[in-house]
Amino acid sequence: MVIAIGFEGSANKLGVGIIRHEGDQVDILANVRDTYITPPGQGFLPRDTAQHHRDCILDVTQKALKQANISTQDIDVICYTKGPGMGAPLLSVALVARTLSLLWNKPLVGVNHCVGHIEMGIEVTKAKNPVVLYVSGGNTQVIAYSQQCYRIFGETLDIAVGNCLDRFARILNLSNDPSPGYNIEQYAKRGKKYIPLPYTVKGMDVSFSGILSHIEKIAKEELPKGEITPEDLCFSLQETVFAMLVEITERTMAHVESNEVLLVGGVGCNIRLQEMMGEMAKQRNGVVCATDDRFCIDNGIMIAHAGLLAYKTGFTTPLEESTVTQRFRTDQVKIAWREN
């Protein structure tokens, strides 16, 4: 039996999770999260986000320990998000992880945020060998596993799909509570008119910045006339960008001969994306594996789980190397716990 505590703070969600592995049995003991929410129309700055994490990380950690009903002596390893993510928030959380490693005399494991999402998704859905669509505020990648590495088959060339949705929510001055992407999704459900937008797929890669600029122009020019609504624009944006994601995911499925799609990342809990991906998968006699917001949205338990998988192969992060890397790519990690 091995128990890990995981610290996640790569963006505006601070999460602390505690997990137990006993043989093949995985038990989630605690999954506590606190989100930094800014006023409508505003994003979150690295400095302010880091301050939020510093202000509440001890409280969130204590809540997690209480929820798990364990003491610090029961913990075998401390895991933290090494990257990718925003520099200042990452550093704030890494500092706490390093400090607790010294105070509690426990080994440290730095975890790739993207790999954390994937491994948690596989654990929750029991997917066997899926094509992974990783979609969040900071990342958009189509991934498949091969020879102890998660290979990237396609990705965004500029901004992430979640960032595109979040920034359009700011243009419409939508609330950031619980998240701008969630509120875009609710508006889109009431949209009735599709407004054509640029469709930007370049081989296996996608681009969203031009779409965002185009729809921003439409919003400024057409919304005051009253012929289209914010709901119509949200509907049109979702349908367009999600169709792009379905296309490159299907092409990857054909290439690697997989009949499973795993959706991970904050945008992965969007019901419309799950529906569109499900329609494509059904035509290929495949299935979509998705989780709810407990595991799709950034959380500490995914860091604890992925860190524990690495720790059980003998991997640890020396204290002098327990830094953060803002651009830590998914395919830079050796997945030693999976067979070829």
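This predicted model holds zero disulfides. A disulfide is a covalent bond between the sulfur atoms of two cysteines. C79 takes part in none, and the cysteine sulfur nearest to that of C79 belongs to C114, 16 Å away. C79 is also buried, with a relative accessible area of 0%. The sulfur of C114 has its closest cysteine sulfur in C149, but the 12 Å between them is too far for a bond. The cut-off for a disulfide is 2.5 Å between the sulfur atoms. Like C79, C114 is a buried residue, and its relative accessible area is 1%.

The next step is the layout of the chain. The domain assignment divides the protein chain into domain 1, made of residues 2-118 and 295-332, and domain 2, made of residues 128-290. Between the C-alpha centres of domain 1 and domain 2 there is a distance of 27 Å. Where the two domains touch, domain 1 contributes 18 residues and domain 2 contributes 22 residues.

From the layout we turn to an annotated site. An unreviewed UniProt entry lists H113, H117, Y134 and D298 under "binding site". These residues span 186 residues in sequence, yet no two of their C-alpha atoms are more than 12.0 Å apart, so they gather at one spot. Of the listed residues, H117 is included in the lining of the largest cavity.

H113 belongs to helix α3, which covers residues 113-125. With a relative accessible area of 2%, H113 counts as buried, because the limit for that term is under 20%. Neighbours within four places in sequence aside, the residues in contact with H113 are E8, S10, T81, G83, P84, Y134, D298, M302 and I303. Two of these, Y134 and D298, are also on the UniProt list. The side chain of H113 makes a polar contact of 3.3 Å with the side chain of S10.

H117 lies in helix α3 as well. H117 is buried, and its relative accessible area is 1%. Setting aside neighbours within four places in sequence, H117 is in contact with Y134, V264, G265, F295, C296, I297, D298 and M302.

Conventions:
Residues numbered from 1 in each chain as written. Predicted model: local features only at pLDDT ≥ 70, side-chain atom pairs only at ≥ 80, totals over all residues. Heavy atoms only, no water. UniProt positions renumbered as here; feature names shortened; annotations may be inferred. 1 Å grid on protein atoms, 1.4 Å probe; cavity = no way out; pocket = protein on both sides within 12 Å on 5 of 7 lines; lining within 4 Å. Helix = DSSP H or I, 4+ residues; strand = E, 2+ residues; numbered from the N terminus. Buried < 20%, exposed > 50% of the residue type's maximum accessible area, 1.4 Å probe, protein only. Contact = heavy atoms within 4.5 Å. Polar contact = N/O pair within 3.5 Å; in protein donor to acceptor, adjacent residues only side chain to side chain. Domains from an automatic or database assignment.
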